[in-house]
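Me: I have a structure open and want to learn how to read it. Can you take me through it feature by feature?

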Amino acid sequence: MAGITFDNVTKTYGDGTRAVSDLNLDVEDGEFVVFVGPSGCGKTTALRMIAGLEEVSDGEIRIGERVVNNLQPRDRDVAMVFQNYALYPHMTVAENIGFALRMRKMSKQEARPRIEETARILGLVDHLDRKPRQLSGGQRQRVAMGRAIVREPQVFLMDEPLSNLDAKLRVQMRAEIARIQRQLSVTTVYVTHDQVEAMTMGDRVAVLRRGLLQQFEPPQRLYEQPANLFVASFIGSPAMNILEATLERNGDDVVCRVGSTTLTLPAEVLSARPALVSYVGKSVAVGIRPEALHHSGRLNGGSGRLRGVVRAIEALGPEQLAHVEVEAQPVLVEDVVEGLVDADQAEDLAEIMTDSDGAKAMLVARLDASASLRPEETVELAVDLRKLHFFDLESGATIGA
Amino acid sequence: MSGTAASTARGEPRKLRTTKSAVRRHRAGRMLTYSFLAAVALIYLFPFLIAIATSFKTEPNATANPLSLAPSPPTTSAFHQLYQDQDFLLWVKNSLIVTLSVTFLRVFLDSLAGYALARLRFRGRGAAFATIVAVMAVPGVVLLIPKFLMIRQLGIYNTYYGMIIPLLVDAAGVFIMKNFFESIPTSVEESARIDGAGIFRIYWSIVLPMARPALITIFILAFQGSWNELAHFIISAQSTSLNTLTKGVAQLASGQLGSGNRYPLKLAASTLMTIPVAVLFFVFQRRIMNVASGAVKE
Amino acid sequence: MERSARPAWLRLGEPGIRGRQAAAGWLFLAPVIVILGVFLVLPILMAAWVSFSDWSGNGSPLGSHAHFVGLDNYRHLLTTPGLDQNNFGTSIRNNFYYVILVVPIQTAVALFLAVLVNRRVKGVGFFRTAFYFPSVTSSVAITVLFLFLFSPAGAINKLLSYAGVNGPAWLYDPRGLFHVILGQLGVSQPSSSLSNGTFLGVSYWDWLSGPSVAMCVFIVMAVFTTSGTFMLLFLAALQNIDESVNEAAGLDGATEWRKFRYITAPMIKPTIFTVLTLGVIGTWQIFDQIYVGTQGSPLGTTLTPAFLSFNASFNGGEWGVGAAVAFILFAIIVFFTVATRVVTRDRDRLPRRRRFGPKPGGPTRRSRVASGVSGVQR
């Protein structure tokens, strides 16, 4: 058991590209940490550096107290589950699992019970004599896990182990993996591009983008207090609605003008974000999560409401997602778009961009199923002002303290 | 890379030793690979360097200093002898005639057969293919006498026909073309058919131009194969006026042309003989090595 | 392949597209089929006839100059003591040693080279080209080159002299390798049983001679020329192995050598079998090099069945014998090819002794059968 430390770690390739830039990160002993981000963000590279499959260009990686930069993978006492499982095709399940033990010259007598126990944990006892090609995808994935578990290493590394499974199996295996990790309490670093996976599995989640660490906190904090536009846009599904707004003074109040709507910011919002005051008179990005929008009947006047036209409705059983077109300027900087890379919202944005003659943005609101909406109907959405997020338009950083 | 401070913030000493020795081990491994590669490459290439060098040596020099790469004195007398005393140019001419004929004909015939096997539907297609493969599995050497008998029987012994025609069968080439044609989407041919093109026209004007990569492959393999062929020329012709380079040099070497110990002459001949194939190889290395490793990408 | 419901044979006479396709199909195939028939199939039949005849080369073998003699030629080669049998036995012996030395060595060398050039080092393409180059040259050129290198005062002996070793006269040295080794160990005279008993006209003692020193030159030549081709086959197989499997093995604690032994080698087994089979087929046919180089000398120790077949026919006029040798050689090649395949067949079908799995319910047929057949080496 050991923690993992990234100390100013950088990875540069021969042609100059920096896969990882100055990464500083501490994984606690026994913690389940997820590295998440869009493709090319460096998460897999970082993981492979822990394993020793990539060389560290600069900085140090420590496992426990040991600096492992120049240790061979086999000397690091880490186990890895690969995205494509990397099972030994010519060996049976039992031999696959037992290979590492064999490399450590463990006797058959000693190894067999360990293999059987691992197989039991993973439900593979009936398959011990099969070859990988005779197994289903899910079974192969479990063999890959078995290979890692049986070694009782200091660290588990997982490189998108579930991405080759179908959706339902994925959900099932997510729970399995989390359960096993808790049972064995081995320090685990898990890489995925799926933010839902990250949020449901990790004790803490590290969001990476283009080799740089954006934020490293427990999932809930990432959700409620994203550090910048990218994290705000990336975490959460459907993604946060991000609009351009101007902050103005209206007497004693600070108001936020979004398109044709003016939202008066309550005092608690201002006191929680002192820095906001310095942005008065300037444009900022304001973020509104879909669940921060509520249906407020039709055409009632009052502040704190956004008016728009319902363009699409997605019924999800207990709730519905309403796509509402409002008069406001969407924030389409890279930070936001890259964060949307997995969602359909990028598509919507593109559509709007091409056929808008005034500034229009498509908001997604998460509403109760009982709210009856009809397409092309004009509605008013009440905004929960306490849940607004504000971002600096240039740097993308959250405007907070 | 790793710092030189003796302790971390937590007050534990770092394992500096592991760092340095691991780096050394890594570089040593790379050095080992390179030195192996270089050593083996030397073993593989040095003989050819000797061959080239010896072609420019005098006979006494070749006998006295067989290992040296520097002729002393350097001379082109071996080449002159090839030209004057031996029928070297005649051999070149014969080799060219045979090789170019075999190469172009093979390209044509293999593509025809490959196309038929790949695209045209007719009874017995599978059997035809199986036969081709099966018959070509017969070891070549076993066929020396049989081929001779037939060539003699047909009266084409000691003629170019006898040297060229039997070499036109090439199961490997048919295989390559068949595989290639199967990999082209049928939509191109189908649209040509709708436009009214007949089968041969489709083959000739539509599909064949698309097959250029595979055709080049066949060309190269056929050229190499027929240029380097020896046994077939031994059994298909006897007259020295039909000697190809391989046969001529073989007779030089085995002393049939009364050459005795004349190494510079023989090595000059074999070096010159290798040049066309070598050039072809260097130009098309990647393609040749891809095919040889069993993967015809096109 | 045919999508229509009507059976294929009915469609041949159909007018329209299908019929024309059939006509075109056969037309396109015709040249290849015709040449195949005329120059491969028919000749084999002719030669078979000749092998049962006493034709001496005059006129046509199908005419009045050839008389049926039954199995005489084959008997001369296999059972009747005499020069023919002697030559044949000698050629078999020579070729046999050539095969069992060349095939393993060239396979090992090719594999070694493939592993070597499979690294991602700079300029590795140059090395691949260098190792493959000998395979591109003609057998004539290589033989001439080796005749020079291995001449008594040639480059190889010069090299050896630097190491203080007196090299033999190579292509003029008829001593069998094993005889030489036994001689070093003090055994220089065969026992009477070994020297009196014969098989195929060759004494048992002579069967144990190993390849002659002259033959060794050809062995080296074979490895030199074919290792490049097989290296490429192995290279393709190696590159088919996903890098992540090797990485996984590394994390599991395997050193480079163990990675190769337990992971890489088993995964390229099919290619190894292919190379072995191709090697066996190729080595039994060696002809060009003998023709150019030694023509069977010294003392018949480089005589091979292929050359014997050629020599007996073209130079000796004994076409029947020559043809018979060819067919016996064919049978030998088929035998050894099948034997290689059988010996190295994929043992996965047979139940394997489970090394790390739980024991079966009780003693079963499996554990007995599998005891010698474990696929994974220790």
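Me: Where does Leu213(A) lie?

Reply: Start with the secondary structure. Leu213(A) sits in strand β10 of chain A, residues 212-217. Keep in mind that this is a predicted model.

Me: Is Leu213(A) buried or exposed?

Reply: Count C-beta neighbours. A residue is buried if 20 or more other C-beta atoms lie within 10 Å of its own. Leu213(A) has 22 other C-beta atoms within 10 Å, so it is buried.

Me: Which residues does Leu213(A) contact, leaving aside neighbours within four places in sequence?

Reply: Leu23(A), Leu25(A), Ala206(A) and Leu208(A) are in contact with Leu213(A), once neighbours within four places in sequence are left aside. Now try a distance. Met199(A) is 14 residues from Leu213(A) in sequence, and their C-alpha atoms are 17 Å apart.

Me: On to chain B. Where does Thr76(B) lie?

Reply: In a loop. Thr76(B) falls between α2 and α3 (77-84) of chain B.

Me: How far is Thr76(B) from Arg125(B), C-alpha to C-alpha?

Reply: The separation is 57 Å, for two residues 49 apart along the chain.

Me: Which domains does the assignment give for chain B?

Reply: Domain 1 of chain B covers 16-77, and domain 2 covers 85-292. Their centres, taken over C-alpha atoms, are 35 Å apart. Eight residues of domain 1 and seven of domain 2 make up the contact.

Me: Which elements each supply at least two residues to the domain 1 side in chain B?

Reply: α1 (16-55) and α2 (59-64) of chain B do. The largest share, four residues, comes from α1(B). By class, that side of domain 1 has three nonpolar, three polar and two charged residues.

Me: Now the interface. How many residues of chain B are in contact with chain C?

Reply: Count each side separately. 72 residues of chain B meet 82 residues of chain C.

Me: Which element of chain B gives the most to that side?

Reply: α1(B), with 13 residues. Other elements giving two or more residues include α4 (88-119), α5 (125-136) and α14 (263-283) of chain B.

Me: How do the residues on the chain B side divide by class?

Reply: There are 52 nonpolar, 14 polar and six charged residues on the side of chain B that touches chain C.

Me: What are the domains of chain C?

Reply: Domain 1 of chain C runs over 29-70 and domain 2 over 76-346. Between their centres, over C-alpha atoms, lie 32 Å. The contact takes ten residues from domain 1 and seven from domain 2. On the domain 1 side, five are nonpolar, four polar and one charged.

Me: What is the mean pLDDT of chain C?

Reply: The mean is 82, and 87% of the residues of chain C reach 70 or more. Residues 1-14 of chain C have pLDDT below 50, with twelve contacts beyond near neighbours in sequence. Residues 349-378 of chain C also stay under 50. The model has 38 contacts for residues 349-378 beyond four places in sequence.

Me: And what ipTM does the predictor give the complex?

Reply: The ipTM is 0.84, alongside a pTM of 0.81.

Key:
Residues numbered from 1 in each chain as written. Chains lettered and ligands numbered in written order. Predicted model: local features only at pLDDT ≥ 70, side-chain atom pairs only at ≥ 80, totals over all residues. pLDDT = per-residue confidence, 0-100. Contact = placed C-beta atoms within 7 Å. Domains from an automatic or database assignment. Nonpolar A, V, L, I, M, F, W, Y, C, P; charged D, E, K, R; others polar. Buried ≥ 20, exposed ≤ 12 C-beta atoms within 10 Å, placed from the backbone.
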